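This report covers selected features of one protein model. It takes up charged pairs, a helix, a loop residue and a pocket in turn.

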Amino acid sequence: MEQYYGKQLILADRDLVEQGADEILKEADVSDVAFLVVGDPFGATTHSDLVLRAVNAGIPYKVIHNASIMNAVGCCGLQLYNFGETVSFVFWTETWRPESFYDKICKNRTAGLHTLCLLDIKVKEQSVENMMRGKKIFEPPRFMTVSQAADQLIQIIERRRSHGEEVGVTEDTLCVGVARLGADDQVIRVATLGQLVTCDLGAPLHSLVVTGRLHPLEVDLLRLNAEPNALQNLTMIDSSTYTS
């Protein structure tokens with residue numbers, strides 16, 4: 001990219017963007033500084049913060065918008081205007097197993113809306129031990145898979161069911177797993193939540209969609225990438241609406 005642009009590129013990791021925003025902007029009042037991101041420029045709050053810092057410093061800025069998973073996911077066959085709140089899955093630990101994303105998925109489904117689930121990415125993460133010792137030693141990169149996300153959801157469903165709760169998502173809920181959208185080897189896999197636990201979608205990055213109510217056109221498009229028997233539990237609510 002340096003050869004293409006004829007400019008020096010500085011790899012901006014999380015530390016630089018979150019802790020060194022002033023360093024990025026320090027010469028932007030007298031020369032052009034470009035901040036290149038993968039996906040939507042406003043897909044992270046730190047990027048919005050960078051804009052505010054520029055405005056407060058009297059530095060003019062221009063945004064060139066880009067595609068991201070937030071709109072590219074429409075290629076799976078689900079209509080973008082039928083999506084509700086986006087949620088994030090995180091890697092569980094032995095002592096930390098948050099479930100808030102499950103409640104948001106259920107809230108979306110109650111409203112008939114699909115849920116885009118963004119899956120955890122661990123890059124340049126430190127262990128607690130190295131962090132406490134002040135050692136800049138990073139753990140190997142980890143990228144959550146659709147299979148891991150589906151397994152987490154099913155564990156939540158089983159736990160809540162065992163406590164007598166009525167669950168808003170089940171093993172038979174129709175979902176969509178996507179991987180590497182926009183690449184030549186992208187994968188779209190339509191399956192029940194239970195089926196996705198054993199699906200291997202290959203290399204990262206992965207995302208998961210939990211469906212809400214479905215229009216017949218959405219159902220027809222989902223069939224193009226469906227696992228065997230994935231759509232057999234769909235229930236017709238009326239002539240133009242299905243659910244699972």
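## Salt bridges

A salt bridge joins the side chains of Asp 49 and Arg 53 (2.7 Å, N to O); the term requires a side-chain nitrogen of Lys or Arg within 4 Å of a carboxyl oxygen of Asp or Glu. The model is predicted, so local features need pLDDT of at least 70 and side-chain atom pairs count only at pLDDT 80 or more, while totals for chains, interfaces and linings use all residues. Residues are numbered from 1 along each chain as its sequence is written, and side-chain values use heavy atoms, with hydrogens and water left out.

Asp 49 and Arg 53 both belong to helix 4 and lie four residues apart, about one turn of the helix. Helices (H or I, at least four residues) and strands (E, at least two) are DSSP runs, numbered from the N terminus. Asp 49 is partly exposed because its relative accessibility is 30%, and Arg 53 is partly exposed at 33%. On this scale buried means under 20% relative accessible area, exposed over 50%, and partly exposed in between (1.4 Å probe, protein chains only).

The whole structure holds 13 salt bridges. Three of them are listed here.

| Pair | Distance, N to O |
|---|---|
| Glu 23 and Lys 26 | 3.1 Å |
| Asp 49 and Arg 53 | 2.7 Å |
| Asp 103 and Arg 160 | 2.7 Å |

In the Glu 23 and Lys 26 pair, Glu 23 is partly exposed, with a relative accessible area of 47%. The salt bridge between Asp 103 and Arg 160 links distant parts of the chain, with Asp 103 in helix 6 and Arg 160 in helix 8, 57 residues apart. Asp 103 is partly exposed at 38% relative accessibility, whereas Arg 160 is buried at 11% relative accessible area. Through shared partners, salt bridges join Glu 99, Asp 103, Arg 159, Arg 160 and Glu 165 into one network.

## Helix 6

Which residues of helix 6 are buried? In this helix (residues 100–110) they are Phe 101, Tyr 102, Ile 105, Cys 106, Asn 108 and Arg 109. They lie on the same side of helix 6 because they cover an arc of only 160° around the axis, taken from the directions from the helix axis to the C-beta atoms. Lys 107 and Thr 110 are exposed on the other side of helix 6.

The buried residues of helix 6 pack against strand 1, strand 2 (115–118), helix 8 (146–162) and strand 7 (206–210).

## Thr 86

Thr 86 sits in the loop between helix 5 (69–72) and strand 1 (87–88). Its relative accessible area is 28%, which means that Thr 86 is partly exposed. Apart from neighbours within four places in sequence, Thr 86 is in contact with Met 70, Leu 116 and Leu 118, contact being heavy atoms within 4.5 Å. His 114 is 28 residues from Thr 86 in sequence, and their C-alpha atoms are 9.0 Å apart.

## The second largest pocket

The second largest pocket has a volume of about 760 Å³. A pocket here is an open set of points on a 1 Å grid over the protein atoms alone where a 1.4 Å probe fits, with protein on both sides within 12 Å along at least five of seven lines; lining residues have an atom within 4 Å of a point. Of its 25 lining residues, Val 33, Ala 34, Phe 35, Tyr 61 and Lys 62 are the closest to the centre of the second largest pocket. Helix 4 gives the most to this lining, with four residues.

Key
Grid points are joined across faces, edges and corners, and a volume is the space filled by probe spheres set on the points.
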